[in-house]
Amino acid sequence: MPDKKTKKNQPPDRFFDRDLSWLSFNARVLAEAQRESVPLMERIRFLSIYSSNLDEFYRVRVPALMALQTLATKSGGRDLVDVLPDVTQTIHTQQEQFGQTMITQILPALLRHNIRLLYHSPIPDVILPAVHDAFAHDAATFLHIIPLPERTDFFPENNTLYLVIAHADPDGTERISLVRVPTHHLPRFYSFHHGGMQYILFLEDIIRANLSKAFGEDRILACHSFKVTRDAELDLNDEFEGNLAKKIERKITQRELGFATRFLHEPGIPPHILAYLKKQLGLKKATFVQGGAHHNLKDLASLPLKDPSFSYAPWTTRPYIPHNPEGSLCEEIRERDILLHPPYHTYHAVLRFFNEASIDPYVTRIYVTLYRVAHDSRIAHALINAARNGKKVTVFVELKARFDEANNLHWMKKMKASGVQVIQSLPGLKVHAKMAMLKRKTVTGTEYLGLLATGNFNESTARFYTDHILFTAHQPMLLEIEKVFRFLKQKRRPGATPSIAFRYLLVGQFNLQQQFLQLIEREIAFARKGIPAAITIKLNNLEDKVLISKLYDASRAGVHVSLIVRSVCCLIPGVPGMSENITVRRIIDRYLEHGRVFIFRNAGDEEIFLGSADWMNRNIYRRVEVCFPLRDSALKTIVKNMLQWQLQDTEQAVILDDHLQNIPVTRPPGVAPVRSQQQIAEMI
């Protein structure tokens, strides 16, 4: 640690704002949609991802910023910094870029392939008969008209598309009605062909073109689209009494009725109609945002485009090939650690691990944590089958996994009904660890076999999330996993139970933050002795100021710190006297970078940890996380090579500068291009 005098004389540590940093990441997603070298449908998918990300931002982060703004106003701005104006301006700028990308790049590119996406454009006469037919056969089935004066209690659902229609009866009296666009029942896009051209229409535009059929003699004065985004935070109380599952079920329903954070509307709505909607729909606290004629553009990912050239050619995924295909996976795990890297590897070995356990007569117990369960989870089915086969199965289901609560509840009930012992969510503490363990009878007693991962046990997301999964029979480490499960079964806060000692695992709420601080401090000590010191860390998000400040200390001491941070990064790199020895890269490519990797040079005897934990406040202070060491030198080399390619990426990586800008990597003349995900795919 620097001495007190040094600390006193050095400039104070500074940090990026979390929300502005996240918007910088979303700008990087948007930039990928603007790259002409990216296949057309992939560019459209990046627009879809950008839109989906922004919806979640308004649901999760904007409510907190609105509360912060209120507190800052009440305190006179003395103690709190109100960043909402900067956030709003940043989003406005990005939304303009989004619209320009659609109009000047995507639509012309589609037209060159004889495809017209009718985006902010009238319906050509040549397809009107087909459009009227589609309305009569499809949309009319679900068309629900809500006359507002008669339905003052109407409540717009979260992120659901509506049309507000001003219409006049034969006497000239103006009325306001709403129509819910039935995307819950029908496709968002309809495709029509005429004269060698494919026309793609939004469902709401088909409805607009047929409104007169629904309003009889009334004259349509105006029709505009809008949607309401609502607060998504569950805000569960830190209680231990009561049935948490029932509480969460109630909260899920309440969340869809949360207060409005955004009213996104089409331009041109007359001011008196906006004022009327604000009053009638209870939108006094919402931010009114003028967008385009079409909202929920996350649906762009479902555009009916069939040309294979519009998408990336698939990379071959490699299954794990057992040394003895007729033997069991468990036998191979006993012999050596196995490390898989989905989606470069298929997920078959993970499914096989649980399938074998469900029928192996020597397996007596199965333990597993489930954070985000697949919709039709093969793993959950295997666990149910294991319980039916007489094995004791203990599953921790995290019911507070945001936006997956309902699905997790469904599987929790199904597993309990089949005899699985389900440990419900701990109030006030999320369990984000990714671990599973088997107990097997052997001639000499009991052996443990386990899985530790950086990502969820979810075969659906494993197709496009890059993660690392360790199969191991290292008994001391697996005994520590059993300690974690024992703690979870007690359902107590860490402070309410005797401290648990861990030698191998870094466990959130026990030793994770302290151990990372010590590992960084060790590199600082080496640097001060003149021994080369380096830290390489890959994360999804970096926010915790305690750990960031320790990385600043490492930089000041001469430790070279290389960071790969996908989205939120509150560390400011490249600042003299604070972080001049720290670089931050972001990588956006066809797979979502999701693995967490921590490499400490340790004077040449490198230590490598993988795990579930980002360095966010929530991960460090409010979650049970597990990080684990790699012991096998060959596996260490593979992981080091993967990160080295990512640090050398010249095609999909950007460097984050000290102003939150994503700076493209400059490839020196004569240097071959490096696309890290492709390099890794070829290696695997």
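1. Val 654 counts as buried because its relative accessibility is 7%, where buried means under 20% relative accessible area, exposed over 50% and partly exposed in between, with a 1.4 Å probe and protein chains only. This is a predicted model, in which local features need pLDDT of at least 70 and side-chain atom pairs count only at pLDDT 80 or more, while totals for chains, interfaces and linings use all residues. Residues are numbered from 1 along each chain as its sequence is written, and side-chain values use heavy atoms, with hydrogens and water left out.

2. Val 654 belongs to strand 28 (residues 653-656), strands being DSSP runs of E of at least two residues, numbered from the N terminus. Pro 664, ten residues away in sequence, lies 4.6 Å from Val 654, C-alpha to C-alpha, and is among the residues that Val 654 touches, including also Arg 28 and Val 584; contact means heavy atoms within 4.5 Å.

3. Ser 225, in strand 7 (residues 219-230), is likewise buried because its relative accessibility is 4%. A polar atom of the Ser 225 side chain lies 2.6 Å from the backbone oxygen of Ala 293, and the residues touched by Ser 225 include Tyr 162, Leu 264 and His 294.

4. Strand 7 is largely enclosed by the rest of the structure, because nine of its twelve residues are buried. Seven bridges join strand 7 to the antiparallel strand 3 (residues 162-168), pairing requiring at least two DSSP bridges, and five join strand 7 to strand 8 (residues 260-265), again antiparallel.

Key. Helix = DSSP H or I, 4+ residues; strand = E, 2+ residues; numbered from the N terminus. Polar contact = N/O pair within 3.5 Å; in protein donor to acceptor, adjacent residues only side chain to side chain. Lists of a residue's contacts leave out its neighbours within four places in sequence.
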